[in-house]
Amino acid sequence: MSSLMQEMGEKALAMGIPLTVQLDLTYRCNERCVHCYLDHDDHGEMATAEYKKLLDELAAAGVFFITMSGGEILLRKDFFEILEYARLKHMFSVKLKTNGVLIREREAARLRELAVESVQISVYSHRPEVHDAITLLPGSLARSIEAAKFLKSQGLQVILADVLMRQNHLDYSGVKALAADIGVRFILDPTITPMMDGDRGVLSLNVNQDVLQKTFRDEGLVGNVEEFCSIPKGASADEMESYPCSAGHTFCYVSPYGDVYPCVQFPLPSGNVRRMRFLDIWNHSPQLNEVRDIQLRDLPSCSQCVHGSTCTRCPGLAFLEGNMRGPSLQDCEKSFARTGIPSKNLEAKRSGASAGHSHGLGAGLVQIQGVAPSPVAVPALVS
Amino acid sequence: MSAAVAPGKRYVARSKQMAARRLGDEVMIMAGSEATVYTLNDVAAAIWEEADGLTPLDEIVERRICRDFDVAPEDALQDALALVAELAGHGVMEVSDTPIVSKRIPGAPESEKGSR
């Protein structure tokens, strides 16, 4: 992150401004990815006029960066109308997340005209038989790659985004090479998110510790392996005052139905823009204010954990495990894979397992209920 | 687009390729896919915010700069011309001898001129 961007983030935090908002424009999708956390039925998406009103409110609130995602954003017939309104009327910096299947030359040219900041395309393998078996859409890899090339030829910043799963963990190097061949960026996300309704079945697709350990020691992904996997020192006094992440501080998420959450991965209902002004929700939601109050020192287990300050604990994943102040076991597993040192939570799990306090999730992960917390959440690995 | 200071009216317009937002006393501008960020101080921000392509620069200077910053119009205009030329060089702003008319924004009233 450039120092200017960091400065902007710090200023927004000090001023209480929601600098970045993710808008999922639809949950409908033309793919059916096996790891997806969404229900793809339309339960009453916001109409074009409602989105325009919301964009007006977001601009007034000081929002600068918008990520438009889904579902598949291009399934909305009014997608370009909404994007155009966001870019030309309010000059938001807009990033898009898409599977690219519906992007051809004409769409790519329009996105260039509208100067979107970047387009992230989901690609799970360089092999059609693997990628298409994940998306359950025959021909989808070819379409997604074509889209990346169309967008690249327009001079747009394109990112191929992969998710590490049991089905494709041998293929991320192939996707990375493909990205390099096209001349675009590559990121790998090692996190599979539980369904928004709390169903954790998709977590069975998580890779095991061996694969995580190997992935975190891939210099081509993480850079300096020694540094990335270094032994944690525990949190300093200053770090104890820090916030877990930007969710609820300078970032929030709005669903296609107008529900506001701290983050797409933190489905804590905090208000609805169909019933209240966005800024009133942002400023006065008891849920958002509760999230904002939480510092590392307030996390009963994580504040005592050696990984406290270096762990990528996601408060949303912790919330989905039952306690936003608790540990996120997926992130505990990642900290362990990086360093070889178990988190306080994992240690508790080991001792608690014999006492019957834990239960398997079928993914090499074990969720602890009613045991204290610990912090983690590995960000996307960027090459 | 010229960086030279010349007599006559100058019209300035925010580039549609940019993203921008006021953050406190500054305006942050981001150059799309280049991911380059510029910050404008309060004087430059005032010009940016009024740069609708239709209002002459000298009017903007008189209304927003001279009034708010206690500076002589001639000096302020010279500085403003240098500033917009620099911003135009970065593609942040368009500068023209004639009004810069942009297409109507979808969903915006006919009378609406630009983004604020």
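**Cores, interface and a helix pair**

The largest nonpolar core has 129 residues. Ile66(A), Leu151(A), Leu160(A), Ala80(B) and Val84(B) have the most contacts inside that core. Keep in mind that this is a predicted model.

Take Leu160(A). Which residues does Leu160(A) contact, leaving aside neighbours within four places in sequence? They are Ile121(A), Val123(A), Ala148(A), Val175(A), Leu178(A), Ala179(A), Val184(A) and Phe186(A). There is also a second, separate core, of five residues. Ala235(A), Leu296(A), Leu299(A) and Cys302(A) are among them.

Now the two chains. On chain B, 20 residues are in contact with 26 residues of chain A. Three elements of chain B give two or more residues to that side: strands E2 (19-23), E3 (26-31) and E4 (36-40). E2(B) supplies the largest share, four residues.

Last, a helix pair in chain B. H1(B), residues 42-50, packs with H2(B), residues 57-69. The angle is about 150°, and the axes are 10 Å apart. The cut-off for roughly antiparallel is over 145 degrees, so H1(B) counts as roughly antiparallel to H2(B). The crossing is right-handed. From H1(B), the contact uses Val43(B), Ala46(B), Ile47(B) and Glu50(B). From H2(B), it uses Ile60(B), Arg64(B), Ile65(B), Asp68(B) and Phe69(B). Six of the residues in this contact are nonpolar, three are charged and none is polar.

Note on methods:
Residues numbered from 1 in each chain as written. Chains lettered and ligands numbered in written order. Predicted model: local features only at pLDDT ≥ 70, side-chain atom pairs only at ≥ 80, totals over all residues. Axes fitted to C-alpha atoms, helices over the stretch in contact; angles between N-to-C directions. Parallel < 35°, antiparallel > 145°, perpendicular 65-115°, else oblique. Left-handed = near helix turned anticlockwise from the far one by under 90°. Contact = placed C-beta atoms within 7 Å. Nonpolar A, V, L, I, M, F, W, Y, C, P; charged D, E, K, R; others polar. Core = buried A, V, L, I, M, F, W, Y, C linked by C-beta atoms within 7 Å. Buried ≥ 20, exposed ≤ 12 C-beta atoms within 10 Å, placed from the backbone.
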